[in-house]
Amino acid sequence: MDLTGRKIVLGVTGGIAAYKSAELVSRLRHLGAEVHVIMTRNATEFVSPLTFQTLSANQVVTDTFQAPEYWNVEHVALARLAEVFVIAPATANILAKMAAGIADDMLSTTVLATKAPVLAAPAMNTGMWTAEATRANVKTLRERGVLFIGPDSGMLACGDEGAGRMSEPEAIAEEICRILNRAADMAGLRVLVTAGATRERLDPVRFITNDSSGKMGFALAEAARDRGAEVTVVCGSVSVPVPEGVRTVRIESAQDLYDAMIREAPEQDVIIQAAAVCDYRVEKQSATKIKKAEGQPLTLTLTENPDVAMAVGRNRKKGQTLVGFAAETDHVQKNAVSKLKKKNLDMIVANDVTAPGAGFNVDTNIATLITKEGSEALPLQTKRQLADVILDRILALRT
Ligand code: CTP
C-alpha cells in the first residue's frame, strides 16, 4: 500500500467513532498521503481539532468562528484538491444532507462541490441505520456513485447490539488505496467496448432495433479510460453522449458491427461486448419507402445476423480477455452459462432485464458475473460502479 503524494480530504462528523478517525489520519500519513481534515462543529465536541492538526500536519477546517463567505473560497479549493473524499465517521445527518444537497456548513458544502470519488464510513445507532429515511438516503447516494464501507456489526457505544459501528481504520485505509490505485491499473492495455443497439433497416426510413441506450457500454469505456487504458468504443445507436477521450467507431447494423470487429478485435487486449445486437435483419431491404398495402397484412421475412461475439471468440488471439453480456428475462443463469461456452468468453455479465433498476435505459444495474470458475451475484449499483467491478474482475482473470 503506497499513497505517496496522494491528496485525501477527510470529513469528520459528530459521532463517538471520531476518535478512530485520528488513527485513520495517522495510517494515511504513514502511507505517504497528504491529508486535509474538515470537521463539523459537532465533531469538535468529540475530538479536538488540534489532534487532527497535529496528526495531519495541516490546518484543520472547522466552522467555529468562520463565516459562510469563508466557505465559498475554501470549499472550492478543497473540493478540487481531493483525489478521494472520505467521510468517517458519517452520521445519519451528513448522509441525509448529502442526499438532499444541503450545504449549510463547511463539510456539506465541500462534499457537494467535489468531483472526486466519495467514500462514506457510516457510524450510528442501529435504529438510525435501519430507519427508512436513512435506507432511502443511502440508496440515493449509492445510485449517484457514493461508495460505502461498513458499518460493521457489534456492540455500539449506546449499548445496543447490531449494525452501526464504523469500519476499522485499517479497512478504510485499504479501501482508499483500492480507490486511488485503480487510477492507473489498466495503463498499457487496449480495451474495446461495443455499446448501444444495432439498427436493421427495412427501407430508407424504417428500421428494427431494441431499447439499448449505450449507458452500460459507455460506463465501461469511461471506467477503462479513467484507469489508464487505451479505449475504442464500437458504437451503434445510443441515447447518451459518447464519452470523451476514447476512440469511437460508429456502426449501424449487426453486419457493420461484425465487419468492424473483424478489423479491430485482433489488436485488443480486452474486448467487452455490451452492444445489444439484433439477431435478425430483413431478408430484402427495400431501396424505396415501403408503401402501405391497404387492407392487406405486411409480411417481413427475417434472416439471421452473424453472431459477432461468437466470431470474435472463434478468432481469439493469445492473451485476449473476452467478456460478453447476457440480457435475459428468464432462466438467467442457465442461459448465460450456455452463452459463455458457446461464444468462447472468459466472463459473461448476466442480467435479468425485467428486474426493477436493471437492464435497458436506466442508470443502475443488477448483474451476476459468470466465469468458468463460478458466479458472483452483485447488488444494485450504478452502471459506473458495476463497470469498475467488471474491470477489477477482468484484471484478476488476467493475472
Ligand atoms: N451478440 C453478438 N452478436 C449477435 C447477438 C449477440 O455479438 N448476433 C453478443 C452480445 O453483444 C452479447 C452476447 O452476444 O455480448 C449475448 O447477447 P444476447 O442478445 O443476450 O444473446 P443471443 O446470443 O442473441 O441469444 P438470445 O437472443 O437467444 O438470448
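This note walks through the main features of the structure, point by point.

1. Some ground rules come first. This is a predicted model, in which local features need pLDDT of at least 70, side-chain atom pairs count only at pLDDT 80 or more, and totals for chains, interfaces and linings use all residues. Residues are numbered from 1 along each chain as its sequence is written, and side-chain values use heavy atoms, leaving out hydrogens and water.

2. Let us begin with an open sheet of five strands, ordered β2-β1-β3-β4-β5 with parallel pairing. Strands here are DSSP runs of E with at least two residues, helices are runs of H or I with at least four, and both are numbered from the N terminus; two strands pair if DSSP finds at least two bridges between them. The edges are β2 and β5 (147-148), each pairing on one side only. Within the sheet, β1 and β3 run parallel over four bridges, and Leu10 has Val86 in β3 as its bridge partner.

3. Helix α9 packs on this sheet and touches β1, β3, β4 and β5. Its direction makes about 160° with that of β3, where axes are lines fitted to C-alpha atoms (for helices over the stretch in contact) and angles run from 0 to 180 degrees between N-to-C directions.

4. Which residues touch the most other members of the largest nonpolar core? They are Ile172 and Ile176, in a core of 34 residues. A nonpolar core is a set of buried Ala, Val, Leu, Ile, Met, Phe, Trp, Tyr and Cys residues joined through side-chain atoms within 4.5 Å; buried means under 20% relative accessible area, exposed over 50%, and partly exposed in between (1.4 Å probe, protein chains only). The largest share of this core, six residues, comes from α9. Beyond its neighbours within four places in sequence, Ile172 is in contact (heavy atoms within 4.5 Å) with residues including Leu24, Val86, Ala88 and Leu119. A second, separate core has 33 residues, among them Val231, Val270, Ala274 and Leu369.

5. Gly154 is partnered by Gly162 in β7. Five residues lie between the two strands, and Gly159 in the turn has a positive phi of about 100°.

6. Next comes an open sheet of eight strands with mixed pairing, in the order β12-β11-β8-β13-β16-β17-β19-β20. Its edge strands are β12 (247-250) and β20 (375-377), each of which pairs on one side only. From one strand to the next, the twist averages 15°. Strands β8 (residues 190-195) and β13 (residues 270-273) are parallel over four bridges, with Val193 opposite Ile272 in β13.

7. Helix α13 lies across β16 (321-328), β17 (347-352), β19 (368-370) and β20, running at about 155° to β17. Leaving aside neighbours within four places in sequence, its contacts include Leu345, Met347, Ile348 and Ile370.

8. Finally, a ring to find: the charged end of Arg135 sits over the ring of Trp129, 4.6 Å from its centre. That label applies if NZ of Lys or CZ of Arg is within 6 Å of the ring centre and within 35 degrees of the ring normal.
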